[in-house]
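Q: I want to learn to read helices and cavities. Please start with the terms.

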Amino acid sequence: MAAAGTGSNPDMEIENDNKPINHPKKNEFDLGADFIAFEDSDDEDEPSKTGRPPHKGATNSYFDRPTTEFHGGKRRRPVDEDEDPDEGPMTGPPPGCPWMGHRNYSKMASVPIMLTQELWDFVDYISPTKEEHQIREYVVRLVRKTVKDLWSNADVVVFGSFDTMLYLPTSDLDIVLLRDGGFNKLDLNRLASHLRRSGIANEVTVISKAKVPLVKFKESITGIPVDISFNLTNGIDSGQVISTYINEIPALRPLTMLVKYFLMIKNHNEVYKGGIGSYTTVIMILSFLQMHPQIQVGNIDPMDNLGVLLIEFFELYGLCFNYTRVGLTVRDNGSYFEKKDMPTNHRSGRSGQAQKLLLSCIDPNDPTNDTAKGSYSLQKIREVFAGAYGALTQAVQNRDRELFMDDKRVSSSHVQFDDRNRVAADSKQKSSGLHRSTQVSLIKEVYQVPMHIIRHRQKIAKVFLDGTYQVMFGDPIVHSLDLKTV
């Protein structure tokens, strides 16, 4: 997606650098082209049965969205309002794709629209239910009570993805302790011992030599991982900035959930292991949206083009971005800059890292802070981004050929997302009229839901339904929360 890389300096190129990586051959995907395009299809007969993705528009609370219902730890998708019962039976999801439900994707107007809808369904599936959020609130209350028993003058503040509603089913719960006079390294061990004695924590670990010292543990009832830091407020400030951007740019939330989940299943989401943290992930996605030429001029609505945008995100950061020469900032509507103009402290990172592939992301809260300087595994991350680009592009190409082309009309293996396949702003899509009952996932080669995540969510659901925390805190036991209220 080279066109998105012009930034504030039109003479700077966003291009591949450092070691070669395995990616689709040039004659298949035309690297360096602005976008990826489809062959034409003549099937444009009937009105679309799918309409706009169901999550269109920003809300004050994630839970204001019309979504699936919670019943005994399982999600049940509401019946589509536009579904025609006479169109014939639809099969269930393929093995390993629980997010697909019984939606008839093949009835949709084009493969890019199918991809966008499946990604919306995946985001809905991995997003927290209101019951899961309530359980995390109970864990915060339990930790707060336990800490107060040790230090009555300490404030216990939750921040990060819990506040922004960008957490995954197994995400850490980020908590910071604030106290006049601060804390020392002995206090980390003192807290760890207190947590063990209290019985609320398993697998307690003290990380005292990191840039941000932590006490890490898993809450004993739910297994929810908790990170406790000390007297640092930048995480609180970062969460407020992210919330502002999400309200301004609705597509930022689903894309962040998708990229965060991808990094998590690839084990590249922990900064202390060289991965990309949540805050940097949000900045990268926000920059991508700010610099996207079609979004800049208002030609497309990102909420209707989630699939194309995800592929182009993987293309940009997996194949095209020049990490050696270019950095990014989202301040003042976003821009790119040459790294030679950066202060030395931005380029430092670990010892010997100056020559390695490193991303530079300026913290919108603090222009002296490079949020990505600890992400030293960027070479591997770039490779998995490139692999995801190739896998999604190939899946879309194959499905488009299967559904919308006959053998006589297939003249090229080149795939391109042109303006016909994007959903133009305020447009009304036409359906192909094609109906196939076989469910095919376009994203299963990139996204999976491992059994340990499913079991974890089942465990959380059981804890809620059993009323364990409600009894502990004297709250009434309910079997489900009203999804229509906050």
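A: Helices are DSSP runs (H or I, at least four residues), numbered from the N terminus. The expected span of a helix is 1.5 Å times one less than its number of residues. This is a predicted model: local features need pLDDT of at least 70, side-chain atom pairs count only at pLDDT 80 or more, and totals for chains, interfaces and linings use all residues. Residues are numbered from 1 along each chain as its sequence is written, and side-chain values use heavy atoms, without hydrogens and water.

Q: What span does helix α2 reach from its first C-alpha to its last?

A: α2 covers residues 111-126, 16 residues, and reaches 22 Å, close to the expected 22 Å.

Q: What about α12?

A: Helix α12 (378-404) has 27 residues and spans 38 Å, close to the 39 Å expected.

Q: How many residues of each helix are buried?

A: Buried means under 20% relative accessible area (1.4 Å probe, protein chains only). In α2, 16 of 16 residues are buried. In α12, 19 of 27 are.

Q: How many cavities of 30 Å³ or more are there?

A: On a 1 Å grid over the protein atoms alone, a cavity is a set of points where a 1.4 Å probe fits but cannot get out; lining residues have an atom within 4 Å of a point. The structure holds five of 30 Å³ or more. A volume is the space filled by probe spheres set on the points. The second largest cavity has about 60 Å³.

Q: Which residues line the second largest cavity?

A: Among them are Glu132, Arg136, Tyr167 and His456. α13 (451-466) gives the largest share, three residues.

Key. Helices (H or I, at least four residues) and strands (E, at least two) are DSSP runs, numbered from the N terminus. Buried means under 20% relative accessible area, exposed over 50%, partly exposed in between (1.4 Å probe, protein chains only). On a 1 Å grid over the protein atoms alone, a cavity is a set of points where a 1.4 Å probe fits but cannot get out, and a pocket is an open set with protein on both sides within 12 Å along at least five of seven lines; lining residues have an atom within 4 Å of a point.
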